Amino acid sequence: MKHLVLIGGGHSHAIVLKMFGLKPLSGVRLTLISDVLYAPYSGMLPGHVAGFYDYDECHIDLRSLAEFAGCQILVDRAIAIDFSKNLVICQTRPPVNFDLLSVDIGSTPATLSVPGAAEYAIPAKPVPEFLASWNQLISERQNHPEKPVRIAIVGGGAGGVELALNMQSRLAKEEGFGSGFCNGFNGWIFNNTTGKFKQEEGLEIHLFHSGAELMPGHNYRVRHRLKEILISRGIKVHLMEKVRAIENQEMIEIASNAQCPMPNAQCPMPNSQICCESGLKVECEIIFWVTQASAAHWIKESGLATDSKGFMQVNDCLQSVSHPNVFGAGDICAMVNYPRPKAGVFAVRQGKPLFENLQHFLLQKPLKPFAPQSKYLALIGTGNKRAIASRGNFMWESPLLWYWKDWIDRQFMQKFSNLPKTRNTK
């Protein structure tokens with residue numbers, strides 16, 4: 001009996017589990033180690049932030065998927081691999097032995113290099129922690145709509161831009177616009193239902209980016225149009241502003257603040273202050289960190305070959321270049337011959353080749369090389385049920401694109417919700 005251990009419940013591993021349920025392999029025992037039972041689907045998360053999808057619609061039920069695959073699931077976090085004994089070291093459980101290993105744990109935004117970021121900023125990943133903070137902010141906004149809120153988003157890539165637009169859309173709804181939210185300019189929001197504009201009150205959103213232009217991986221037309229949309233909606237875009245530190249702000253005495261009418265009392269100050277290398281300082285209540293992806297340190301520390309950024313290096317067969325009995329996919333991996341950006345579309349495409357090569361390895365058959373696409377279509381939601389298509393030098397903006405993206409995402413999620421009643425057996 002060979003033991004295949006899957007670390008992480010990413011998109012590729014979800015597909016692997018589904019395919020093992022459809023095409024099981026005799027003499028193989030499966031174990032999934034995941035720190036969550038419900039894995040977020042990255043394609044629908046911005047829409048979830050905007051309120052277009054509920055939790056269940058954009059999360060994969062790993063427990064039911066593992067049951068369908070005949071796979072044991074351990075709810076824990078892997079923290080190391082002991083290759084001398086072929087053991088996966090877990091945070092709370094005893095070590096798990098393996099014959100064959102596959103890693104699909106995703107990535108996290110890089111924050112450790114910026115003082116104060118790890119303590120006071122909320123990274124976009126891990127997603128459960130991010131969503132908990134976002135839901136808390138929504139709840140506070142609903143309960144105290146009169147309370148001003150200033151949000152900072154650090155990172156001007158596609159993730160940061162899409163997050164800013166979808167956050168503003170959701171917060172505008174909490175101001176009483178419901179589904180009538182359409183578009184806006186200079187901080188004014190248009191209500192389709194009433195046909196009137198209203199200025200958002202008590203809400204500021206700041207987007208910080210260290211480069212001269214947003215979204216450097218996309219063409220000029222896409223970059224220009226999204227910057228135009230951000231500014232038109234009153235989102236304050238700070239380009240060429242590299243964050244050097246985040247400082248925590250404490251309560252101060254009102255006596256020292258001329259704006260406070262009652263001496264000898266306390267006046268709340270913003271929780272945090274973003275400090276940029278240029279000298280710019282912005283006070284805010286909550287900071288979301290959406291910078292370039294970084295890898296879990298234990299991947300390199302375990303002895304796996306990694307690139308300069310710590311991502312596990314794999315060959316064309318998604319096999320570790322240093323350990324033949326380790327495979328991987330998704331953001332945590334770097335294909336040596338096919339460097340690609342960290343995007344969910346690549347993880348989805350790697351699912352089937354990963355499954356096939358895991359089975360071929362177990363059956364001692366030749367592995368099959370896989371070549372990812374060189375270009376891909378990105379559909380960037382703008383928070384108002386419109387989307388912008390970006391591929392190479394191509395750009396198109398339309399509500400039709402959002403509904404097309406919605407259809408694609410729902411089709412993908414149905415693969416994991418409409419499971420057969422019984423799986424195939426051998």
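Phe 416 is buried, at a relative accessible area of 6%; buried here means under 20% relative accessible area, exposed over 50%, and partly exposed in between, with a 1.4 Å probe and protein chains only. I start with that residue and work outwards.

First, the conventions. This is a predicted model, where local features need pLDDT of at least 70 and side-chain atom pairs count only at pLDDT 80 or more, while totals for chains, interfaces and linings use all residues. Residues are numbered from 1 along each chain as its sequence is written, and side-chain values use heavy atoms, with hydrogens and water left out.

Now the overall counts. The protein has ten helices and 30 strands; these are DSSP runs numbered from the N terminus, H or I of at least four residues for helices and E of at least two for strands. Of its 426 residues, 52% count as buried. Among contacts with a separation of 6 or more, 65% are between residues 24 or more positions apart, a contact being heavy atoms within 4.5 Å.

Back to Phe 416. What is the geometry of its ring with that of Phe 412? The centres are 5.1 Å apart and the planes stand at 75 degrees, so the pair is edge-to-face. The rule covers rings of Phe, Tyr and Trp (its six-membered ring), which pair if their centres lie within 6.5 Å; planes under 30 degrees apart are stacked, over 60 edge-to-face, and the rest tilted. Phe 412 is also buried, with a relative accessible area of 6%. Both residues sit in helix 10 (residues 399-417), and because they are four residues apart there, about one helical turn separates them.

The search of the whole structure finds twelve aromatic pairs. Another of these is Tyr 38 with Tyr 55, edge-to-face because the centres are 6.3 Å apart and the planes at 65 degrees. Tyr 38 is in strand 3 (residues 38-40), and Tyr 55 is in the loop between helix 2 (45-50) and strand 4 (59-61), so this pair ties together parts 17 residues apart in sequence. Tyr 38 is partly exposed at 30% relative accessibility, and Tyr 55 is partly exposed at 39%. There is also one aromatic cluster formed by Phe 52, Tyr 53, Trp 402 and Tyr 403.

Next, helix packing. Which residues of helix 1 meet Phe 412, Lys 415 and Phe 416 of helix 10? They are Ala 14, Ile 15 and Lys 18. Nonpolar covers Ala, Val, Leu, Ile, Met, Phe, Trp, Tyr, Cys and Pro; charged covers Asp, Glu, Lys and Arg; the others, Gly among them, are polar.

Helix 1 (residues 11-22) and helix 10 pack at about 45 degrees with their axes 10 Å apart. That makes helix 1 oblique to helix 10. Axes are lines fitted to C-alpha atoms, for helices over the stretch in contact, and angles run from 0 to 180 degrees between N-to-C directions. Under 35 degrees is roughly parallel, over 145 roughly antiparallel, 65 to 115 roughly perpendicular, and the rest oblique. The crossing is left-handed, meaning that the near helix is turned anticlockwise from the far one by less than a right angle; clockwise would be right-handed.

Helix 1 also packs against helix 3 (residues 62-69), at an angle of about 35 degrees and with the axes 7 Å apart. This crossing, too, is left-handed. From helix 1 the contact takes Ala 14, Leu 17, Lys 18, Phe 20, Gly 21 and Leu 22, and from helix 3 Leu 65, Phe 68 and Ala 69. The residues divide into seven nonpolar, one polar and one charged.

Then some backbone points. Leu 318 has a positive phi of about 65 degrees although it is not a glycine. Leu 318 lies in the loop between strand 25 (312-314) and strand 26 (326-328), and is buried at 0%. Gln 350, in helix 9 (residues 344-362), touches Leu 318, and its other contacts include Ser 12 and Phe 370, not counting residues up to four places away in sequence. Gln 350 is buried at 8%.

Met 240 also has a positive phi, near 55 degrees. Is Met 240 buried or exposed? Exposed, at 55%, in the loop between strand 17 (236-238) and strand 18 (243-248).

Last, the peptide bond from Lys 125 to Pro 126 is cis, with omega near 5 degrees. Pro 126 is in the loop between strand 11 (122-123) and helix 5 (127-143), and is partly exposed at 30%.
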